[in-house]
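I would like to walk through one model, beginning with a pair of charged side chains and then widening the view.

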Amino acid sequence: MRNFEQDTALEIVYMETKSLVPYKNNSRLHNEEKIQEMMTRIKRDGWTTPVEVDEYNTILSGHCRQRAASELGLEMIPCVVINDMTDAQKAEYVIAANKLPENVEWDYKMLAIEFDVLSELGVDPINTGFDPSSIENILNFTKSTAFNPKLEPVFTPKAMTDEKFDKAD
């Protein structure tokens with residue numbers, strides 16, 4: 001069984017993109033639009049997050065990055081090899097690596113400020129992965145208390161319901 005205390009340092013190794021094998025039961029879907037978005041991120045920012053693979057080169061996390069790299073014609077990509085996981089741990093990890101980042105709350109006030117800063121710097125906030133209607137909704141929310149329930153988050157952070165919530169804070 002893998003133990004977090006065993007991990008003292010991660011080693012990034014460059015592996016052939018075509019040698020990486022998708023996890024056979026990966027339940028996360030990546031449509032062409034998402035692959036294109038990832039390709040754009042890689043071209044714009046370079047490679048920032050290694051693909052995580054097991055000792056057999058099976059992808060545990062990074063399926064979208066690997067596909068984007070393949071479509072970009074990148075022969076070698078950075079990977080972290082995770083050894084000594086049981087099949088059950090691998091199955092759990094593949095799901096958790098995709099699901100846990102979704103389980104976050106946003107500070108919409110700060111997000112709106114960051115969108116404004118990006119715009120002032122000449123960067124389109126659409127490059128952050130938010131769709132245009134969500135960006136508009138977030139920016140509009142900071143200017144009024146009317147919030148589109150269709151786009152409202154399932155849970156509302158306390159800061160968004162505070163009477164003092166305005167962009168000038």
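Which side chain meets that of aspartate 54 in a salt bridge? The partner is lysine 90, with 3.0 Å from N to O, where a salt bridge is taken as a side-chain nitrogen of Lys or Arg within 4 Å of a carboxyl oxygen of Asp or Glu. Because aspartate 54 lies in the loop between strand S2 (51–53) and strand S3 (59–61), while lysine 90 lies in helix H3 (residues 87–99), the pair ties together parts that are 36 residues apart in sequence.

Before I go further, a word on provenance: this is a predicted model, in which local features need pLDDT of at least 70 and side-chain atom pairs count only at pLDDT 80 or more, whereas totals for chains, interfaces and linings use all residues. Residues are numbered from 1 along each chain as its sequence is written, and side-chain values use heavy atoms, with hydrogens and water left out.

Returning to the pair, aspartate 54 is buried at a relative accessible area of 4%, and lysine 90 also counts as buried, at 6%; buried here means under 20% relative accessible area, exposed means over 50%, and partly exposed is in between, with a 1.4 Å probe and protein chains only. Lysine 90 has a further salt bridge, to glutamate 55, with the closest N and O atoms 3.9 Å apart. That pair again links distant parts of the chain, since glutamate 55 sits in the loop between S2 and S3 and lysine 90 in helix H3, 35 residues apart. Glutamate 55 is partly exposed, with a relative accessible area of 32%, and Asp54, Glu55 and Lys90 are linked in a network of salt bridges.

How many salt bridges does a search of the whole structure find? The search finds 5, and one of them joins arginine 41 to aspartate 45, with 2.5 Å between the closest N and O atoms. Both of these residues belong to helix H1 (residues 32–45), where they are 4 residues apart, about one turn of the helix. Arginine 41 is partly exposed at 30% relative accessible area, and aspartate 45 is partly exposed at 41%.

Helix H1 also holds isoleucine 35, which is buried with a relative accessible area of 0%. Leaving aside neighbours within four places in sequence, isoleucine 35 is in contact (heavy atoms within 4.5 Å) with His30, Cys64, Arg67, Ala68 and Glu71. The C-alpha atoms of isoleucine 35 and arginine 65 are separated by 7.7 Å, although the two residues are 30 apart along the chain.

As for cysteines, cysteine 64 is buried at a relative accessible area of 10%, and cysteine 79 is buried at 0%. The structure holds 0 disulfides, a disulfide being a pair of cysteine sulfur atoms within 2.5 Å.

Finally, the chain as a whole. There are 6 helices and 4 strands, taken as DSSP runs numbered from the N terminus, with helices being H or I of at least four residues and strands being E of at least two. From the N terminus on, the order is β-α-β-β-α-β-α-α-α-α. Buried residues make up 31% of the 169 residues, and among contacts between residues at least 6 apart in sequence, 75% join residues at least 24 apart.
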